[in-house]
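Visitor: Could you take me in for a close look at one part of this structure? I'd like the details, told as one connected story.

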Amino acid sequence: MVMDIRTQVLVIGSGPAGYAAAFRSSDLGLKTTLIEKYNSLGGVCLNVGCIPSKFLLHIAKVIQEAKEISKQGVFFKTPKIDLDIIRKKKQEIISTLSSGIKYMAKNRKVQILYGMGSFINKNTVLVVNENEMITVHFDHVIIATGSQSIALPNIPINSEYIWNSTEALSLRFIPRKMLIIGSGIIGLEMATLYSALGSQVDVVDRDNRLLSFLDQDIINIYKKSLSENFNILLQTNINEIIVKNNQILVTLSNTNFDKKEIFYDAVLVAIGRKSNILPLKLENAGVKINSNNFIQVDRQLRTNINNIYAIGDVIGNPLLAHKGIHQGHIAAEVIAGYQHYFEPIVIPAVAYTDPEIAWVGMNENDAIKKNINYEAAVFPWKASGRAIVSNCSHGMTKLIINKDTRKVLGGIIIGRQAGELLSEITLAIEMGCDVEDISLTIHPHPTLSESIGLSAQVFLGTITDLINSKSVFK
């Protein structure tokens, strides 16, 4: 079947960025059409990324907390893990949320087309699926096709034993011994999950530092926390991978040993992600990409072609769903005639490991590089009553403050629920508040969130929950 349709706004991709753009466009009175290449809406984030990984990481967290609470006199038996039930529940969650997106699209009268979209020219996209070819003529188009895992050359991804992140989240089995290649956020999150499920996990990376974009004191806390859970081998190369007798023989080498052969039951490749732009045939529309293969856009998310916009992972780092959602709103509003711009001061990020690490804005290294007169104000969770009773006193809250302007430049939290605590610091930076604004805001006690106010008090020298190094009587 061949069809021709016309729409004001076409959105390609139904992930968080795409459906946010489509729904905002419709809410602004624009006739909107949404293209999705898979049979369910929600993109990578909902189907094989953010949501299923956080469901599984929640299970890992409960298992870990059950172990830790034995220190407080409560003992549980060794957990019995039923992968069939876990997989079924994971799929139920995905289906429920995907159905919710479909319902909201229907309620907003957003037309959904299933199939692969590619440009014919700057005003036309061809959508192809098994049953039909649809030519879509549009006034404006928003590209939101996301990203995919980067594969290592000469390694057979998608085999039974060598996985990308999608395969890892499918929970085919729990490996007795598992190798994760890449110590980035995805690699560490999957190490957190599989070690909690019972796997012996090694994480290898060629880099000489773990999470090099974070300050060393944070990394020290993290490494101390995970030392009993899984191993990290830095400055390590993968020389060879061979599937042999239902196992994977991996040859490793690093500065401490010349070569070592180790058998693993599964290998996860988690070395990063790249944009999903190749099937789009952007050259037919004249859209420019940069040297890193991301689409170039201006502050209004417009490409070099006036009526073509791009949002989310396809335009580059950070590859975060919440960034894409915000950009989806901006692009729709610009199309509707608003003079809006994508210009956040900061974008928060979270590693859903155990403990969680959440950060926003500058760290100490950033401040040093920019020659800023700063101070790092730290409140250790070992002085937090709530952290102690919750068995998570190994955490820390840290603010980076400009000593000249007294503005908050950045913040980082390591500990349980760090991602839930970060928004106060993000808001403080966005609104340009003084550190006194945080310090003089009464935080509920006892909570983990009060550690943010207490960090501000450390800077001001008003702290009473720690020895006050700035006391006027010292």
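Guide: A residue is called buried here when its relative accessible area is under 20%. Keep in mind that this is a predicted model.

Helix α4 covers residues 83-107, 25 residues in total. From first C-alpha to last, α4 reaches 36 Å, close to the 36 Å expected at 1.5 Å a residue. At the N-terminal end sits a cap: a side-chain oxygen of Asp82 lies 3.1 Å from the backbone nitrogen of Asp84. After the helix comes Lys109, with a positive phi near 65°.

Now for the inward side. Leu83, Ile86, Lys90, Ile94, Ser98, Ile101 and Ala105 are the buried residues of α4. An α-helix has 3.6 residues a turn, so residues three or four places apart point the same way. The packing partners of those buried α4 residues are the helices α1 (16-27), α2 (43-48), α3 (50-68) and α5 (165-169), plus strand β3 (111-114).

Next stop, Val125 in strand β5 (residues 124-128). Val125 counts as buried because its relative accessibility is 0%. Among its contacts beyond four places in sequence are Leu10, Ile12, Ile35, Phe119 and Phe138. The C-alpha of Val125 is also 9.7 Å from that of Lys281, although the two are 156 residues apart along the chain.

Last, Asn391 sits in the loop between α10 (385-389) and β21 (396-402). Its side chain reaches the backbone oxygen of Glu68 at 3.2 Å, and Asn391 also touches Ile69, Lys71, Gln72 and Arg416.

Note on methods. Residues are numbered from 1 along each chain as its sequence is written. This is a predicted model: local features need pLDDT of at least 70, side-chain atom pairs count only at pLDDT 80 or more; totals for chains, interfaces and linings use all residues. Side-chain values use heavy atoms; hydrogens and water are left out. Helices (H or I, at least four residues) and strands (E, at least two) are DSSP runs, numbered from the N terminus. Buried means under 20% relative accessible area, exposed over 50%, partly exposed in between (1.4 Å probe, protein chains only). Contact means heavy atoms within 4.5 Å. A polar contact is a pair of N or O atoms within 3.5 Å; within protein, one must be able to donate a hydrogen and the other to accept it, and residues adjacent in sequence count only if both atoms are side-chain atoms. The expected span of a helix is 1.5 Å times one less than its number of residues.
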